[in-house]
Structure formats: C-alpha cells, structure tokens
Amino acid sequence: MVESMNSVLLKGRAMPILRMLDFIQEKLGEWFYERRKKAKETFHRVSIWAEEEMTKKMDLACKTFVFNFDSMLFRINSEGTEFIVDLKKRTCDCLEFQLDELPCPHAIVVINKRYLQKFDYCSNWYSKKTWLKTYEGHVNTVGDQKSWDIPQNVHSDITKPLDVEILQGRKQKKRHIPATESVPLKSTKCSRCKQVGHNRTTCLSSPAPHPYSKKHTEKYSNLQ
C-alpha cells in the first residue's frame with residue numbers, strides 16, 4: 001500500500017509543502033468519490049470483487065458430487081478428493097471457507113443445491129453496506145490561505161528553516177532499495193530477431209554477423 005501511494009504521489013513530492021498537501025488532498029478526495037460512486041451503482045449485496053470471486057469459484061465447482069449427511073452437513077467429492085462442508089459453522093476441509101470468510105467452490109455447490117443465497121454466507125466485510133461505510137467520509141480541503149483563522153501567538157511565531165547542509169547535484173527521486181528486497185532482473189531483448197536472452201551484437205540469426213558475435217567467432221576459428 002505504501003509503495004502504491006509513493007508511485008502515485010511522486011509528482012507531488014517535488015512541489016512546495018503546501019501545494020503538495022493540496023495535491024494529496026485532491027488525489028484522496030478523487031479516490032474516495034470514485035469508490036463511493038462505484039459502490040452506490042452496484043446492485044449486488046456484496047462488493048464487485050466478492051461477486052467476481054464467487055463467479056470464478058462456480059466454474060471450478062462443476063466437477064463435484066454432493067452427498068448429504070443432514071440439512072447443514074455435506075460430503076463433497078471433487079476429482080477423487082473428499083471435503084466436508086458445514087454450512088452452520090461455515091467451514092470446509094479445504095480451509096478456504098473459514099480463512100477467506102467467503103464461500104469456497106465446495107460450499108457454493110452445497111449452497112446452490114439447497115437453493116440458498118451465497119451472499120448470506122459471506123463475511124460482513126464483503127457487503128455493500130461495509131463498502132459504502134469505508135468511503136462515506138470526505139477529505140475536506142483547508143481552503144484558501146487568506147481565509148485561515150490563525151491565532152495571534154501562532155501568527156507572530158517565526159519558524160526558521162533547519163540548519164542543514166544542502167548537497168550539490170540533482171536531488172534523488174527514486175528510493176533506496178534495501179538489500180532484503182528482491183529486484184526483478186531486466187531481460188535482454190534483441191532488436192533484430194526480437195528474441196529474449198541476447199542482444200543485436202551477439203545475435204545468431206543475423207544475415208551479416210557482427211565481428212564480435214559468437215557466430216562470427218566460430219566462423220573465423222573454423223577458417224584457421
């Protein structure tokens with residue numbers, strides 16, 4: 001989450017402090033409005049993400065067989081593996097039902113067989129009501145600086161800048177990557193044959209080999 005915020009607010013970090021705060025307020029206000037509008041427009045009882053996840057699980061639940069123990073306890077056979085689903089306790093042997101608090105594929109088969117509603121077995125955190133509650137607040141602006149009501153003791157206080165040494169050169173914008181964080185390696189792509197793993201110089205598919213390429217070296221060594 002922090003890294004996502006850093007990438008979005010990268011533009012505002014170069015601004016003066018007051019303008020940067022306005023930039024952050026505008027961005028947060030925009031996010032809250034878009035998500036609040038999206039939550040109001042949905043006609044499901046759960047969030048769009050939860051509805052999409054349960055739809056995917058319904059496709060996975062096609063190759064399963066259901067055996068009743070009683071009205072709330074069922075045995076599921078899925079591709080030779082058996083699972084026990086308890087709708088009353090909202091548990092399944094696959095552990096997905098109780099960990100995600102969202103019906104797993106085995107529970108969805110049972111729910112559909114009993115003609116129940118999947119939404120009744122979802123956690124309250126996935127509900128539309130909770131979704132709206134999350135973004136019901138507003139990130140209010142501080143208004144124009146001229147309209148601020150500043151106490152006299154604060155207004156008369158003079159804040160001096162910190163006595164720090166300003167380093168020469170261009171300021172760093174990218175963060176330092178710690179040694180504990182893995183960095184994905186960039187793969188080399190040839191501009192001639194568009195293959196990955198080598199560059200134009202070492203390309204073996206070129207009609208006229210480069211004098212430093214492996215193809216040219218092998219040809220020259222054979223002539224000797």
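Me: Which residues does Gln25 contact, leaving aside its neighbours within four places in sequence?
Reply: Val139, Asn140 and Thr141 are in contact with Gln25 once neighbours within four places in sequence are left aside. Contact means heavy atoms within 4.5 Å.

Me: What kind of model is this, and how are residues numbered?
Reply: This is a predicted model, where local features need pLDDT of at least 70, side-chain atom pairs count only at pLDDT 80 or more, and totals for chains, interfaces and linings use all residues. Residues are numbered from 1 along each chain as its sequence is written, and side-chain values use heavy atoms, with hydrogens and water left out.

Me: Back to Gln25. Where is it, and is it buried or exposed?
Reply: Gln25 sits in helix H2, residues 17-41. Gln25 is buried, with a relative accessible area of 17%. Buried means under 20% relative accessible area, exposed over 50%, and partly exposed in between (1.4 Å probe, protein chains only). Helices (H or I, at least four residues) and strands (E, at least two) are DSSP runs, numbered from the N terminus.

Me: How many helices and strands are there, and what is the pattern?
Reply: The protein has 8 helices and 4 strands. Along the sequence the pattern reads α-α-α-β-β-β-β-α-α-α-α-α.

Me: How much of the protein is buried?
Reply: Of its 224 residues, 23% count as buried.

Me: Which residues of H5 are buried?
Reply: Pro105, His106, Ala107, Ile108, Val109, Val110 and Ile111 are buried. Helix H5 spans residues 105-113 and is mostly covered, with 7 of its 9 residues buried.

Me: What covers them?
Reply: The cover includes H3, strand S1 (64-68), strand S2 (73-78), strand S3 (81-86), strand S4 (91-92) and helix H4 (96-100).

Me: What follows H5?
Reply: Tyr115 follows H5, and its phi is positive, near 55 degrees.

Me: New topic. How many salt bridges does the structure hold?
Reply: The structure holds 6 salt bridges. A salt bridge is a side-chain nitrogen of Lys or Arg within 4 Å of a carboxyl oxygen of Asp or Glu.

Me: Which residue does Lys57 pair with?
Reply: Lys57 meets Glu96 in a salt bridge, at 2.9 Å from N to O. Lys57 is in helix H3 and Glu96 in helix H4, so the pair ties together parts that are 39 residues apart in sequence. Lys57 is buried, at 6% relative accessible area, whereas Glu96 is partly exposed at 27%.

Me: And what about Lys27?
Reply: Lys27 forms a salt bridge with Glu30, and the closest N and O atoms are 4.0 Å apart. Lys27 and Glu30 are 3 residues apart in helix H2, so about one helical turn separates them. Lys27 is partly exposed at 21%, and Glu30 is partly exposed at 38%.

Me: Which residue does Arg75 bridge to?
Reply: Arg75 bridges to Glu82, with the closest N and O atoms 2.7 Å apart. Arg75 is partly exposed, at 22% relative accessible area. Glu82 is partly exposed too, at 44%.
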